[in-house]
Amino acid sequence: MNSYLIRNVSVLGAAPTDLLLRDGVVAEVGPGLSAPEATVVDADGLVALPGLVDLHTHLREPGREDAETVETGSRAAAMGGYTAVCAMANTSPVADTAGVVEQVWRLGREAGLVDVQPIGAVTVGLAGERLAELGAMADSAARVRIFSDDGHCVADPRLMRRALEYVKAFDGIIAQHAEEPRLTEGAQMHEGEVSTRLGLTGWPAVAEEAIIARDVLLAEHVGSRLHVCHVSTAGSVEVLRQAKARGVRVTAEVTPHHLLLTDVRAETYDPVFKVNPPLRTATDITALRAALADGVIDIIATDHAPHAVEDKECEWAYARPGMLGLETALSIALDVLGPQWDLIAERMSRAPARIAGLTEHGHDPAPGVPANLTLVDPAVRRVIDPAESASRSRNTPYARMTLPGRIVATFLRGEATVLDGKAVR
Ligand SMILES: NC(=O)N[C@@H](CC(=O)O)C(=O)O
């Protein structure tokens with residue numbers, strides 16, 4: 001195993017110090033360390049954060065290896081400062097059996113660039129009709145604790161109740177894609193002034209809010225854990241605020257794109273801006289940012305959704321929804337929150353690690369903790385070039401935009417996965 005001596009790094013914005021990574025852990029912390037056998041990383045001006053943890057990543061393997069593989073998605077994650085990602089279940093075949101979640105888990109271990117924690121489907125084939133084999137996935141080598149039909153809503157309230165009850169036995173979580181399907185039939189973008197002007201069928205905010213309201217009541221009724229995926233509206237924030245005030249066991253995520261981009265982007269008719277739930281309004285962004293600051297929204301999750309060229313570079317109505325996110329998330333967080341390093345660490349590493357039960361992740365660098373961390377250069381401003389992405393897909397909505405911050409290095413259990421801003425393998 002390699003050891004690394006990281007010199008003059010600011011841990012979460014504090015005064016510069018040195019970190020020695022050895023045998024997979026942070027061995028020592030303090031100024032002026034020496035370790036002749038260690039590779040020296042000059043970290044002047046860099047900030048160390050606990051390795052980022054993404055609760056919502058689409059890796060596309062098995063089934064759409066032309067869009068992403070576990071390995072390419074893992075590399076994109078490492079390049080974005082991540083040391084762990086939760087892989088969504090909407091693969092082909094769907095990750096609704098112990099066999100498929102074990103396959104994804106094994107591919108993640110083989111790639112060895114981030115810890116890949118599979119999420120299992122709630123229902124067989126994401127069809128919303130019968131519960132998948134939740135217990136077998138939980139007992140498998142992948143030790144699944146989060147279940148989601150993401151891409152589809154578990155719309156049937158009885159099935160949702162059963163799922164919440166079932167996972168309670170092993171303190172599991174149902175992560176809901178909140179979208180009342182009857183209210184979004186044929187929807188192409190946020191329902192509002194812009195959709196009216198463009199003549200595109202709208203996806204109303206209430207389709208999300210109605211499901212969240214129902215689900216927090218169900219979670220309260222059965223005393224189980226609910227996680228709400230990609231919250232996108234001001235009204236959803238209010239529902240969550242009330243539920244949390246009552247003590248409901250609910251957590252929630254917001255994506256980088258819902259913190260930055262609005263439905264006005266649809267005026268370009270460029271499908272790179274088509275996503276589910278859709279980009280909303282400036283009012284929603286204001287509410288989402290406030291909720292992220294005050295904790296009503298617990299975490300930033302990327303919803304990294306790679307798509308092959310033919311699924312994105314076509315007419316808006318035929319394009320698949322979804323956008324890349326892993327390599328730009330930290331930059332968007334920095335843009336939106338400023339250098340509030342403790343808040344960024346909480347929302348992008350500690351809280352997601354806690355929610356997912358990933359006990360090796362989400363620890364601030366300190367003696368003895370697993371050496372899962374990332375080094376950020378906050379002073380750099382970079383122009384986003386899709387061609388440079390480590391993802392197999394190119395559908396970033398930030399092409400040609402200038403964003404703050406760059407990941408310089410990432411370490412997984414003390415081994416570099418990214419050094420000098422480049423993937424190590
Ligand atoms: N978020 C997206 O726009 N797309 C997701 C699934 C989904 O939530 O529709 C995908 O898998 O591509």
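His 230 counts as buried, because it has 24 C-beta neighbours inside 10 Å. Buried here means that 20 or more other C-beta atoms lie within 10 Å of a residue's own, exposed means 12 or fewer, and partly exposed is in between, with C-beta atoms placed from the backbone. This is a predicted model, in which local features need pLDDT of at least 70 and side-chain atom pairs count only at pLDDT 80 or more, while totals for chains, interfaces and linings use all residues. Residues are numbered from 1 along each chain as its sequence is written.

Where is His 230 found? His 230 is in the loop between β13 (225–228) and α7 (234–245). Those labels are DSSP runs numbered from the N terminus: helices are H or I with at least four residues, strands are E with at least two. Not counting residues up to four places away in sequence, His 230 touches Glu 253, Val 254, Thr 255, His 258, Pro 277 and Asp 303. Touching, or contact, means that the C-beta atoms of two residues, placed from the backbone, lie within 7 Å.

Now the records. In an unreviewed entry, UniProt gives the annotation "binding site" to Asp 150, His 177 and His 230. They are spread over 81 residues of sequence but cluster in space, with a largest C-alpha distance of 9.9 Å. UniProt positions follow the numbering used here, feature names are shortened, and annotations may be inferred rather than shown by experiment.

Asp 150 is in the loop between β9 (146–147) and α4 (157–168). Asp 150 counts as buried because 24 C-beta neighbours are inside 10 Å. Leaving out residues up to four places away in sequence, Asp 150 touches Met 88, Ala 89, Asn 90, Ala 175, His 177 and Cys 229.

Next, Asp 303. The unreviewed UniProt entry places the feature "active site" at Asp 303. Asp 303 is in the loop between β15 (299–300) and α10 (309–312). With 30 C-beta neighbours inside 10 Å, Asp 303 also counts as buried. Setting aside its neighbours within four places in sequence, Asp 303 is in contact with His 56, His 230, Thr 255 and Gly 325.

On to the ligand. Among the residues around the ligand are Asp 150, His 177 and Asp 303. A residue is near a molecule if its C-beta atom, placed from the backbone, lies within 6 Å of it. The shell around the ligand divides into three nonpolar, six polar and three charged residues. Ala, Val, Leu, Ile, Met, Phe, Trp, Tyr, Cys and Pro count as nonpolar, Asp, Glu, Lys and Arg as charged, and the others, Gly among them, as polar.

In α4, the buried residues are Met 160, Ala 163, Leu 164 and Val 167. They cover an arc of only 95° around the axis, so they are on the same side of α4. The arc is that of the directions from the helix axis to the C-beta atoms. What covers them includes α3, β9, β10 (173–176), α6 (205–222) and β13.

In α2, the buried residues are Val 100, Val 101, Val 104, Trp 105, Leu 107, Gly 108 and Ala 111. Their arc is only 160° around the axis, which puts them on the same side of α2. Exposed residues Arg 109 and Glu 110 are on the face of α2 turned away from its buried side. After α2 comes Gly 112, with a positive phi near 65°.
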